[in-house]
Amino acid sequence: MSEYRTVFGSLNHYEKGGVEVIEDNPKHYVFSNLFEVASKSKPYEKICVGKNLKYVIEAVRAEGNSPWFSASHDEAALCMDGEVEVHFVKPEQQLVPDTKEGSVKINGEPKGQKMGWVRVRRGHMALLPKGSAYQFRSPKPGVLLIQTIQGDHTVECWADICQTA
Amino acid sequence: MSTASISNLEAPALGRDLGYKAFTIGKFRFERDEYFAHILYPMGRHLMPIDAFLRALMRDVAWGFFYGTVNFDPVLGTVNHYGTVDLFMGLCNPAYRQANRAYIENFPTKDIKAVFEGMLDDWTNEGFDPFAAPDETGKPYGPKRGNNRKAVQRQRVVAKRMVGLPGDTGYRTDANGYTVNRHFLDVPQDQPEVHAEPGFESEVHAFNLFGYLSRSDVTWNPSVCSVVKDSLMCPTTEENILPIFHGNDRVEWFIQACDEIIWEIEDGSTGKPRAKVIMKAGDVAAMPADIRHKGYSPKRSMLLVWENNDNSLPEKYQRGELKPYPAEF
Ligand SMILES: [Fe+2]
């Protein structure tokens, strides 16, 4: 056994650090905790926890089946807690035009060829390949971190999630 | 304009001949002795402990001068202009600037890279790995003793799309020499279930990122693992102290994946202390574009450094077109 214990966070247990200001505004550090965010959000709400101009990192509470999504570009999903399946379909027709960025919700299950699926647990990263449609399935609550571009469903609520003083 | 030359002088200007080469670029001259790197420049001289100097030099070389400013210490550093590099003394140090002791020269990247690589190669003794945590490696001191080319010539991992995809950067395994680090023996090594239908093997893809990171043999070396256009996820494993003060030329984000790092934040151009940021597992924080930071990781930890690689950004921040922090609320 290792004498070192690696400390991960989870929905049920996380400790938060913080900004200790010397001479600055803590808001400039846009400091949040993704487990805290996911513990308070609704299933599959895409809460923005990181933003670098058009690029975002979203914290997502995975619980039950998500809507189907598609994007014109690659995205990446990193599982931070729980166990989540991602199912992929190659749509018969392109669902999101190349000019549109961010993930787009699709009504119902898209028609097309089944591409396969993956099951990820904590620390596993899955590719959400461009042009595919995908759905998350998570019987128990889990947490995903999505690397993507700001889209119609990205929720910015910094004042609710960040250290302000 | 610049001149780069690698000199091999029999009689160094400082100290005894210990078998190390002296290096010059422009009006800078670098020499090492048993304990120190000496830097001579037109306005004076400077020195750094050799271990700290080699660790900083290693990052600057491996990262290709990284984003923005790499401060070796409060005096010496480089600024990346992506094609050329400024080498400076006292640029980010108000006392040096006020006393007119600050000095800066600009070099084509390939010239300064050649000199830095030569210096790193010649000054790193056998048994010392500047990328390793201090507890994992030998001492850099004394007269010249062999080399550690294998360590200093490591290539930084840069995935084109995602680690593990066909034709992209590969996995770390026991078989290819990447064993699990002593601090991460309890990190699960299970792989995700991947069920790709025929023809979709290169798209239906997942891998164990935390397992991959637990096998990293270097510290403080962000490497690209997943790419969304200019959005680069650059995870890294951290232990002990970041050997430089990084002053970014754009906003950078940190996501702490496990354990804890304490960041010291100073003003990017004056070095005035601004904040401490304590990050635990699941914490997310922005590093504003006008600060510089140094991290302290008591136990080896996993940090996801998240960068925006759009190279039009430095100018926009400099002109004040973009605010130095990423969100307003
Ligand atoms: Fe940095």
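Helices (H or I, at least four residues) and strands (E, at least two) are DSSP runs, numbered from the N terminus. This is a predicted model, in which local features need pLDDT of at least 70 and side-chain atom pairs count only at pLDDT 80 or more, while totals for chains, interfaces and linings use all residues. Residues are numbered from 1 along each chain as its sequence is written, chains are lettered from A and ligands numbered from 1 in the order in which they are written, and side-chain values use heavy atoms, with hydrogens and water left out.

**View 1. The iron site in chain B.** Three residues coordinate the iron ion: His246(B) through ND1, Glu252(B) through OE and His293(B) through NE2. Their distances run from 2.1 to 2.2 Å. Donors are N, O and S atoms within 2.8 Å of the metal (3.2 Å for Na, K and Ca); water is not among the atoms, so sites may look incomplete. Along the chain, the donors of the iron ion show the spacing H-x5-E-x40-H. Distant parts of the chain are linked here: Glu252(B) belongs to strand S15 (residues 252–258) of chain B, and His293(B) to strand S19 (residues 291–308) of chain B, 41 residues apart.

**View 2. Around Glu252(B).** Glu252(B) sits in strand S15 of chain B. Its relative accessibility is 1%, so Glu252(B) counts as buried. Buried means under 20% relative accessible area, exposed over 50%, and partly exposed in between (1.4 Å probe, protein chains only). His293(B) is buried too, like Glu252(B). Leaving aside neighbours within four places in sequence, Glu252(B) is in contact with residues including Phe66(B), His246(B), Ala286(B), His293(B) and Trp306(B). Contact means heavy atoms within 4.5 Å. Glu252(B) and Ala286(B) are 34 residues apart along the chain, with 6.0 Å between their C-alpha atoms.

**View 3. Helices H1 and H3 of chain B.** Two packed helices are described by the angle between their axes and the distance between the axes. Here the axes of H1 (residues 50–62) and H3 (residues 109–123) of chain B come within 10 Å and cross at roughly 135 degrees. That makes H1(B) oblique to H3(B). Axes are lines fitted to C-alpha atoms, for helices over the stretch in contact, and angles run from 0 to 180 degrees between N-to-C directions. Angles under 35 degrees count as roughly parallel, over 145 as roughly antiparallel, 65 to 115 as roughly perpendicular and the rest as oblique. From H1(B), the contact includes Phe53(B), Leu57(B) and Val61(B); from H3(B), it includes Phe116(B), Leu120(B) and Trp123(B).

**View 4. Asp259(B) and its contacts in both chains.** Asp259(B) is placed in the loop between S15 and strand S16 (260–267) of chain B. With 8% relative accessibility, Asp259(B) counts as buried. Among the residues that Asp259(B) touches are Arg5(A), Thr6(A) and Val7(A), along with Phe184(B), Lys280(B) and Arg300(B), not counting residues up to four places away in sequence.

**View 5. Ala62(A) in a strand.** Strand S4 (residues 55–65) of chain A holds Ala62(A). Ala62(A) counts as buried, at 0% relative accessibility. Tyr44(A), Val84(A) and Leu144(A) are among the residues it touches, not counting those up to four places away in sequence. Ser41(A) is 21 residues from Ala62(A) in sequence and 10.0 Å away in space, C-alpha to C-alpha.

**View 6. Tyr14(A) before the strand.** Tyr14(A) lies in the segment before strand S1 (18–21) of chain A. Its relative accessible area is 25%, so Tyr14(A) is partly exposed. Tyr14(A) is in contact with Asn33(A), Phe35(A), Glu36(A) and Ser39(A), leaving aside its neighbours within four places in sequence. The C-alpha atoms of Tyr14(A) and Glu36(A) are separated by 7.7 Å, with the two residues 22 apart along the chain.
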